[in-house]
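I opened the notebook to record what I looked up about the domains, a sheet and the core, in the order in which I checked them.

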Amino acid sequence: MSHPASASRIASFGTTIFTEMSALAIQHNAVNLGQGFPDFAGPDFVKNAAIEAIQADYNQYAPMPGTLGLRQAVATMWRTRTGIDIDPLAEVSVASGATELLCDVMLSFINPGDAVVIFEPAYDAYVPDIIMAGGRVIPVRLHPPTATNPVWHYDPQVLAAACAQKPKLLLLNTPHNPTGKVFSLAELTEIADLCKTHDILAVVDEVYDRLVYDQHVHIHLASLPDMWQRTISLNSIGKTFSVTGWKIGWAIAPAALNSALRASHQWVTFATSTPMQYASAVALMQAESNGYYTQLVHEYSARRVILRDILSQTGLPLIDAAGSYFISIDVAPLGVSDVRVFCRRLVSEIGVAAIPITAFYVDPDAPQLARFCFAKKDETMRAAGERLRNLHTIAWR
Ligand SMILES: Cc1ncc(COP(=O)(O)O)c(C=O)c1O
């Protein structure tokens, strides 16, 4: 029996690499360091706030742009982070995670044929969102660290040439998934200057903004001179509070940009889970004063050391994270030419799941790196470490 044909806009969308690797991890009873979510519990003060919100019967539709309490909590946090006062009524919108907001942004600002500059490797939702809006992707490569340039970096001339093509929008992710890069003030200033020169709307995905290590600092692009009026800053509750299943995100931007964003949001999900918005407001307000953010970085720094030690023992070159929660290893010294094949074999023959970074590139001619996540319990990472001891017992070529 033939079925009605699906729309051409989804023709290039396969199964995500996360779905494939997580399914393989279950099939082979593997330790999953692939998909980027914590395997430990979120904090009690956040979980209890959700339980209390449900018990208090905050269970009907929320206002379309978000509950006032959460928008006020976001505005307070923004003032603490940037010194900028914003209007919670007009300049903050709540949606079902950064994922929904990324789609809303593209639907609200991209006309068919409009170009969008992204840095690749890029979080896997970016390209499909641009395609669904009828847009065109201009990828700008981030290159792995080298002996002379010890951080992930782009070629400024390539970025300038991309921006000179008059894209409508530039989508930036910092701290960055999958590389762990935290864009520096110099880089952000360069990006800001290009956005101003070529009249480009900047959208910044900042879901890892609380996870930065050592001397690195997260700088909000919107806080740079003359950037507020052309920037939409996206964030969400999932990574910061270890509750990725809640899917509560927010956009911070001037009223005109927010009102355009809401025009899509109101027809995509209309309103987002009410009790989880109440709990997210409590999370943001209490975390400012109860030391949660400091403790979070402290705990993640320790997890980062554990994973770094485990991966170092493989003897393969590794790229540490400045931010977010990912470390990569270069599998080329094993004689592997396709890291996707390596990751499939790693899960089935060694019992550890990782993600091939090639999946985050438009151009398949990409570095052969495997990404491991350290948002995991110590024992999870140590179990993976035990298995990775067998890495060199296998013929990889
Ligand atoms: C860079 C980046 N943006 C957005 C998201 C999704 O955020 P949310 O769970 O709030 O939809 C993720 C999740 O992995 C991510 O890594």
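My entries go from the domains to the sheet and then to the core.

**Entry 1, ground rules.** I note that residues are numbered from 1 along each chain as its sequence is written. This is a predicted model, in which local features need pLDDT of at least 70, side-chain atom pairs count only at pLDDT 80 or more, and totals for chains, interfaces and linings use all residues.

I looked up how the protein chain is divided, and found domain 1 (8-42 + 292-391) and domain 2 (60-289), with bounds that come from an automatic or database domain assignment. Their centres, taken over C-alpha atoms, are separated by 24 Å. I then found 36 residues of domain 1 in contact with 31 residues of domain 2, where contact requires C-beta atoms, placed from the backbone, within 7 Å. On the side of domain 1 that touches domain 2, α10 (292-312) and β10 are the elements that give two or more residues, and α10 supplies the largest share, 7 residues. Helices (H or I, at least four residues) and strands (E, at least two) are DSSP runs, numbered from the N terminus.

Strand β10 (residues 326-330) is joined to β13 by 5 bridges; Ile327 stands opposite Phe372, and Phe326 has Cys373 as its bridge partner. Strand β12 (residues 355-356) is joined to β13 by 2 bridges, with Ile355 opposite Arg371.

I checked strand β13 (residues 369-373) and found 5 of its 5 residues buried, so β13 is largely enclosed by the rest of the structure. Buried means that 20 or more other C-beta atoms, placed from the backbone, lie within 10 Å of the residue's own. Leu369, Arg371 and Cys373 point one way, while Ala370 and Phe372 point the other.

Which residues touch the most other members of the largest nonpolar core? They are Ala202, Leu221, Val352 and Ala370, among 121 residues. Domain 1 and domain 2 both give residues to this core, so it lies between them. Such a core is a set of buried Ala, Val, Leu, Ile, Met, Phe, Trp, Tyr and Cys residues joined through C-beta atoms within 7 Å. Leaving out residues up to four places away in sequence, I listed the residues that Ala370 touches, including Ile329, Val339, Phe342 and Ile355.

Terms used. A residue is buried if 20 or more other C-beta atoms lie within 10 Å of its own, exposed if 12 or fewer, and partly exposed in between; C-beta atoms are placed from the backbone. Two residues are in contact if their C-beta atoms, placed from the backbone, lie within 7 Å. Two strands pair if DSSP finds at least two bridges between them.
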